[in-house]
Amino acid sequence: MPKPEPGWGWFALPPPPPDEADRHAVARAFTRAFAGPDGAVALDHLKALTLDRCLGADASEAQLRCLEGQRQLVAHILNLIERGRHEPGL
């Protein structure tokens, strides 16, 4: 494996795509992690902090960007859970 070049040039490179088995394993892991009553409480909390939250008209661009990033992460987690529910072997 080649050494990364010094500086920030490596940061712009996209990560290698995960193979199909890894994607299935991750989706199943998220489904198991958030299964049950404790998982539901955690997901409800994440949704309340992000998806169900509105910022006022005086919100700065930085606040909007931060909240949108948080929303994207929660939406990704919910998507992984849903995909994992449809995977065989749970």
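The axes of helix 2 (residues 36-49) and helix 3 (residues 61-85) come within 9 Å and cross at roughly 150°. Helices here are DSSP runs of H or I with at least four residues, numbered from the N terminus, and axes are lines fitted to C-alpha atoms over the stretch in contact, with angles from 0 to 180 degrees between N-to-C directions. Helix 2 and helix 3 are therefore roughly antiparallel (an angle over 145 degrees). The model is predicted, so local features need pLDDT of at least 70 and side-chain atom pairs pLDDT 80 or more, while totals for chains, interfaces and linings use all residues. Residues are numbered from 1 along each chain as its sequence is written, and side-chain values use heavy atoms, without hydrogens and water.

In this pairing, Leu 43, Leu 46, Lys 47 and Leu 49 of helix 2 meet Leu 67, Val 74, Ile 77, Leu 78 and Ile 81 of helix 3, where contact means heavy atoms within 4.5 Å.

Helix 3 also packs with helix 1, at an angle of about 100° and with the axes 7 Å apart. That makes helix 1 roughly perpendicular to helix 3 (65 to 115 degrees). On the helix 1 side, Arg 23, Val 26, Ala 27, Arg 28, Phe 30 and Thr 31 take part, facing Ile 77, Leu 80, Ile 81, Arg 83, Gly 84 and Arg 85 of helix 3.

Ala 25 also belongs to helix 1 (residues 20-33). Its relative accessibility is 34%, so Ala 25 counts as partly exposed (between buried, under 20%, and exposed, over 50%, with a 1.4 Å probe and protein chains only). Ala 25 and Glu 87 lie 62 residues apart in sequence and 9.0 Å apart in space, C-alpha to C-alpha.

Key
Helix = DSSP H or I, 4+ residues; strand = E, 2+ residues; numbered from the N terminus. Parallel < 35°, antiparallel > 145°, perpendicular 65-115°, else oblique.
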